Amino acid sequence: MQGTTVRFDNVSKWFGNTAALENFSLTVAPGEFVTLLGASGSGKSTALNILAGFSDATSGDVLIGDRSLTGVPSEDRNVGMVFQNFALFPHMSVFDNVAFPLKMRKTPADETRRLVMDSLEMVKLAGFANRKPAALSGGQRQRVALARAVVFSPPVLLMDECLSALDLKLREELQGEIRRIHKDIGATTVFVTHDQGEALTMSDRVAVQNDGKIEQIDNPETLYDRPATRFVAEFIGQTNLIDVRPTKGGVEVAAIGTHIPSDKTDGAVISLRPERIARAGQISAGSDITQFNARLEDTVFLGATVEHHFRLKDGEALTVREGRSGASDLPEIGAEVALEFRKEDAVVLADH
Amino acid sequence: MKSLRNSPGSVLMTLFFILTILFLFFPIMVILPMSFSAGETLQFPPKSWGLRWYREYFNDDLWRASTFRSLRIALMASILSTAAGTLAAVGLDRTRKSLVPVFTGLFLAPAIIPNVIIALGVFIMAVWTGLTSSEPLLVMVHAMLGLPFVLLIVGAALRQQDPSLENAARVFGAGPVQAFVTATLPPLTPAIISSLIFAFFISFDELIFALFVMGGKVTLPVRIWSDLQHFINPTIASVSTIFIIATTLAMTTAEILRRRSANRNA
Ligand SMILES: Nc1ncnc2c1ncn2[C@@H]1O[C@H](COP(=O)(O)OP(=O)(O)O)[C@@H](O)[C@H]1O
Ligand SMILES: [Mg+2]
């Protein structure tokens, strides 16, 4: 099964006078796994509901392949969906739940049986066909919901926060399974989550959504290494935001006493990831490195890494993370420590 | 715990509890033995025992006619009431939030406005339209009386239900009606059956409206009422006993179903 292109073309959705989506445009390539990532209320479900046909856009259009979905009811859109709270039919057995899309498509009984059992096998629930959803654990219910969403090989698969109800270990297990199933069936997938870690591990591309608008859409590495806005830098992972002043050909970082080259003329902060800062002398020469001193205030043990909290000379806080291999010669609390980073790792951002 | 159980307060509570139960069950405890009396008049306690008054009830054409009339009216009223109430509950679930209290108030009004007042209105309407002694009219009136209970029972079950069930049915290929029938309705079955039973008995033991509008066509409660006014006949005790047992069984079933539907969707 090959996926189909999904396209949001300048979609807006208004509830009264608040915009849940504003000029939302997004093209998902055939077979691609794109995640809509954003805080609660940022309009992720609104986007998915418009795509699934549960609500209408105020303006703009949604297309699957070349076909505009305006006026097309849900049942004719041929998309699979996994809902946040499973939405399994409580009065039907697992088998009948998974068979539902096939029954609606008038698939012959023997083929239905084969497809349902294949689907259940794929999610490792072949032995549970006769159970009612109430007799399953949360993870098993989510698997049934997944089997039902893909049993009819839809070219497009939607998932709305479908893992947030599960505990961490189960969530990680299902993340892997969803990736594997996505590879197998090749459906164009739009996945919704508020969990940035989940978005980064699972997606080909992530669209960071804020207040109904897409702030940035990129692959996970780019999103993490080169955030386009201050919002994205803060939302994805952990970062140090240091105030800067624009100067000719870049920005002046007063707190560190250095100049970072940049094309941006409205640079107001730099984003510097904690693991990109090291103690002086540890970054191999060859790149443009800047060194500075900071006072260590605290060190926190995090398992595989330790986190140092420094204070810069103008009073700004700076977090540095390093592997435990260097833990044997940890600096003392209160000591002035020489630190360094590559200038190219500092991302210059405007203040909005 | 032990000291608490024997404290004067808890002894008083137990006494209060027993007295309350006795008070509530007193009518039943009097009527039940009286119905098995073999005597000519209502006696408590009966001097001799027998099924005489049960035979009397089952063999009397007029008693039988009023019983069947009541059963017929209650059956139709409960079906009408449950159908309308279920649709009302579903409709309310999809109504703009600001309008919900208005409609809820309207639907619940029959349970709050004193029946005598509504009955007066219905009586005037029946006279105007010439619908006195009309079973269909009483069916509609009884259906109206049951509506608030149906709305509350089915509405509660619906609020427990995951609203995305119907969306799920739609996106997997069901049209709007099919989605409603295959996804939304079946999980509500226990609540709907429970509503049917409630609505049935609301109609079956309703007296005031039947007195106002039914004229010559008496229902069972009207028959009991008029018998009580004229002569105290032990048949009433046997009818009441049957009535009490049937009602208790059905209401217990309804309550079990209602609880089951509440638990299942929780
Ligand atoms: N049916 C609705 N009526 C009014 N406002 C709504 C409705 N659905 C969503 N909204 C609003 O639209 C915004 C986006 O909601 P939603 O798409 O559910 O966000 P998310 O899924 O990202 O948490 C929120 O501010 C929410 O309050
Ligand atoms: Mg949401």
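This passage walks through the ligand site and the sheets of chain A, then turns briefly to chain B.

The model is predicted, so local features need pLDDT of at least 70, side-chain atom pairs count only at pLDDT 80 or more, and totals for chains, interfaces and linings use all residues. Residues are numbered from 1 along each chain as its sequence is written, chains are lettered from A and ligands numbered from 1 in the order in which they are written, and side-chain values use heavy atoms, with hydrogens and water left out.

Ligand 1 is a handy place to start. Its shell (residues with a heavy atom within 4 Å of the molecule) is made up of A:Phe15, A:Ala20, A:Ala39, A:Ser40, A:Gly41, A:Ser42, A:Gly43, A:Lys44, A:Ser45 and A:Thr46. By type, three of these are nonpolar, six polar and one charged; here Ala, Val, Leu, Ile, Met, Phe, Trp, Tyr, Cys and Pro count as nonpolar, Asp, Glu, Lys and Arg as charged, and the others, Gly among them, as polar. Helix H1 (residues 44-52) of chain A supplies the largest share of the shell, three residues. Helices (H or I, at least four residues) and strands (E, at least two) are DSSP runs, numbered from the N terminus.

The side chain of A:Lys44 places an N or O atom 2.9 Å from an oxygen atom of ligand 1.

Next come the sheets of chain A. One open sheet has six strands in the order E6-E7-E8-E3-E9-E10, with mixed pairing; strands pair if DSSP finds at least two bridges between them. Strand E6 (79-82) and strand E10 (213-218) stand at the edges with a single partner strand each, so one side of each has no neighbour in the sheet. From one strand to the next, the twist averages 20° (axes are lines fitted to C-alpha atoms, for helices over the stretch in contact, and angles run from 0 to 180 degrees between N-to-C directions).

Within this sheet, E7 (residues 156-160) and E8 (residues 188-193) run parallel and share five bridges, and A:Leu158 sits opposite A:Val190 in E8(A). E3 (residues 33-37) and E9 (residues 205-210) are also parallel, joined by four bridges, with A:Leu36 facing A:Ala207 in E9(A). E9(A) and E10(A), by contrast, pair in the antiparallel sense over five bridges, and A:Val208 has A:Gln216 as its bridge partner in E10(A). Two residues lie between the strands of this hairpin, where A:Asp211 takes a positive phi near 50°. Helix H4 (residues 138-150) of chain A lies across E6 and E7, running at about 175° to E6(A); contact means heavy atoms within 4.5 Å.

Another open sheet has three strands in the order E12-E13-E14 (chain A), with antiparallel pairing. Its edge strands, E12 (245-247) and E14 (258-261), each pair on one side only, and its twist averages 35° from one strand to the next. Four bridges join E13 (residues 250-253) to E14(A), and A:Val251 stands opposite A:Ile260.

Chain B has 13 helices and zero strands. Its C-alpha atoms fill a box of roughly 70 × 70 × 30 Å, taken along the principal axes.

Definitions and conventions:
A polar contact is a pair of N or O atoms within 3.5 Å; within protein, one must be able to donate a hydrogen and the other to accept it, and residues adjacent in sequence count only if both atoms are side-chain atoms.
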